[in-house]
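Student: I have a model open and want to go through some of its contacts. Can we start?

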Amino acid sequence: MAKVSASILACDHTKIGEQVLEAEKAGADIVHIDVMDGVYVENVTFGPQLVADLKKITKLPLSVHMELVRPETFLPMFAKAGVDIITFQLDACPNPLHMLREVKKAGIKAGLGIGPSYDVERLRYLLPHIDGLILMSVEPGYGGQPFEESIYEKVKRSVEIMDETGIHVPISIDGGVNTVTGKKLVEAGADILIAGSSVFGADSITDAVKSLKAL
Ligand code: DX5
Ligand code: ZN
């Protein structure tokens, strides 16, 4: 059974609280919050207040996906807001080991994000320092983008690197995840399915979460 991380980018933003609660009730495991700065990607999204407000209404871990430059400068305000997991994009951070240490020092789980056009070989050097990995199957910036099929081999290669190093952390996939791609991703070795459009764009959020969980 896959874990499901519900990506609120695809919510009706006037109803984020109630839609998160519906996803939680349906069995979602994590709330995924994309934070975009208009620099690393052209889109602009959520800030720390949303994290603090969601923290009051849901028991689910809040996972901030930083799609922004200089992630270390955003760390203190999201730490204060009560975030549980912070993932930043490897290509947005020249000194990732430093950032990973700072995240952990703040008592937050540290995740590494790798974009669809970057290979996963550097994982070998970063694995001892991370609590989770997000492999992106779309370019950061928007929901509902075309799914990159190369993700399957990247999931498999990541599992191989984890086997070789003996260090295993959960592998999440972000972008274009639905029941069809999700099934193949789980078969390839993915642990957590991050889903936006296929959950919050569905006729029934509840049914969509349950279908993904069943994979
Ligand atoms: C894209 C975000 C994703 C996004 C995925 O930059 O990181 O979390 O919400 O959206 P879907 O599931 O619609 O592809
Ligand atoms: Zn994301």
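Tutor: In this predicted model, K56 and D53 sit 3 residues apart in helix α2 (residues 48–57), so about one helical turn separates them. Helices here are DSSP runs of H or I with at least four residues, strands are runs of E with at least two, and both are numbered from the N terminus.

Student: What do the side chains of K56 and D53 form?
Tutor: A salt bridge, 3.2 Å from N to O. The rule asks for a side-chain nitrogen of Lys or Arg within 4 Å of a carboxyl oxygen of Asp or Glu.

Student: Is K56 buried or exposed?
Tutor: K56 is exposed at 67% relative accessible area, while D53 is partly exposed at 32%. Buried means under 20%, exposed over 50%, partly exposed in between (1.4 Å probe, protein chains only).

Student: How many salt bridges does the rule give?
Tutor: The count is 11. Among them, E164 meets R124 at 2.8 Å, N to O. E164 lies in helix α6 (residues 151–165) and R124 in helix α5, so the pair ties together parts 40 residues apart in sequence.

Student: Which network includes R124?
Tutor: Salt bridges link E121, R124, R157, E160 and E164 in a network.

Student: New topic: which strands pair with β8?
Tutor: Strand β1 (residues 3–7) runs parallel to β8 with 4 bridges, and β7 (residues 171–174) pairs with β8 in the parallel sense over 3 bridges. Pairing needs at least two DSSP bridges.

Student: And the numbering?
Tutor: Residues count from 1 along each chain as its sequence is written, and chains are lettered from A and ligands numbered from 1 in written order. Local features need pLDDT of at least 70, side-chain atom pairs count only at pLDDT 80 or more, totals for chains, interfaces and linings use all residues, and side-chain values use heavy atoms, without hydrogens and water.
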